[in-house]
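Please look over the structure below.

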Amino acid sequence: MDYSLTAIICTYNRPEILKTKINSLLKIRDSVFPIEIIVIDDGSKIKLSKDFRKFLIQNKIKLKINSRNLGLAYSRNKGIRESQTKYFLISDDDDIY
């Protein structure tokens with residue numbers, strides 16, 4: 001799929017909030033325009049469940065996990081490097097659209 005925009009979501013220890021965020025982006029992707037979604041987990045101590053990981057795979061969402069907490073700036077830059085589009089949106093896991 002050709003994406004118009006990449007949404008980069010950085011998260012740390014908040015899987016429930018993250019899922020709400022992703023669902024808001026999926027609504028946009030399904031009804032407005034194609035969005036590549038990349039999640040950067042900044043070394044969370046709360047691991048994502050198998051069901052959550054399956055949800056990410058089914059929705060073609062990239063998940064990158066830092067081996068340890070490296071900070072927001074590092075994680076955002078990692079997301080930018082992973083992006084396959086010319087334009088990107090850097091967004092926190094608690095922002096809802």
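Which residues are linked with Arg-14 in a network of salt bridges? Asp-93 and Asp-94 are linked with Arg-14 in that network. A salt bridge here is a side-chain nitrogen of Lys or Arg within 4 Å of a carboxyl oxygen of Asp or Glu.

This is a predicted model, where local features need pLDDT of at least 70 and side-chain atom pairs count only at pLDDT 80 or more, while totals for chains, interfaces and linings use all residues. Residues are numbered from 1 along each chain as its sequence is written, and side-chain values use heavy atoms, with hydrogens and water left out.

**Salt bridges**

Side chains of opposite charge can pair when their charged atoms come close. By the salt-bridge rule, the count comes to 5. The table gives three pairs, including Glu-36 with Lys-62.

| Pair | Closest N to O distance |
|---|---|
| Glu-36 and Lys-62 | 3.1 Å |
| Lys-64 and Glu-82 | 3.8 Å |

Take Glu-36 and Lys-62, which form a salt bridge. Glu-36 lies in strand 2 (residues 35-41) and Lys-62 in strand 3 (residues 62-65), so the pair ties together parts 26 residues apart in sequence. Helices (H or I, at least four residues) and strands (E, at least two) are DSSP runs, numbered from the N terminus. Glu-36 is buried, at 3% relative accessible area. Lys-62 is partly exposed, at 24%. Buried means under 20% relative accessible area, exposed means over 50%, and partly exposed lies in between (1.4 Å probe, protein chains only).

Lys-64 pairs with Glu-82 in a salt bridge. Lys-64 sits in strand 3 and Glu-82 in helix 3, 18 residues apart, so distant parts of the chain are linked. Lys-64 is partly exposed at 28%. Glu-82 is partly exposed too, at 27%.

Asp-92 has a relative accessible area of 28%. For Arg-76 the value is 25%.

Ser-83 lies in the loop between helix 3 (72-82) and strand 4 (88-92). Gln-84 is found in that loop as well. Is Ser-83 buried or exposed? Ser-83 is buried, at 15%, whereas Gln-84 is exposed, at 61%.

The side chain of Ser-83 reaches the backbone nitrogen of Thr-85 at 3.3 Å. Ser-83 touches Thr-6, Glu-36, Ile-38 and Phe-88, leaving aside residues up to four places away in sequence. Touching, or contact, means heavy atoms within 4.5 Å. Under that limit on sequence neighbours, Gln-84 touches Thr-6, Glu-36 and Lys-62. Gln-84 and Asp-2 are 82 residues apart along the chain, yet their C-alpha atoms are separated by 9.2 Å.

**Strand 1**

Why is strand 1 (residues 5-11) largely enclosed by the rest of the structure? The reason is that 7 of its 7 residues are buried. One side carries Leu-5, Ala-7, Ile-9 and Thr-11, and the other carries Thr-6, Ile-8 and Cys-10.

Strand 1 runs parallel to strand 2, joined by 7 bridges. Two strands pair if DSSP finds at least two bridges between them. Thr-6 stands opposite Glu-36 in strand 2. Strand 1 also pairs with strand 4 in the parallel sense, over 5 bridges. There, Ile-8 has Ile-90 of strand 4 as its bridge partner.

Note on methods: A polar contact is a pair of N or O atoms within 3.5 Å; within protein, one must be able to donate a hydrogen and the other to accept it, and residues adjacent in sequence count only if both atoms are side-chain atoms.
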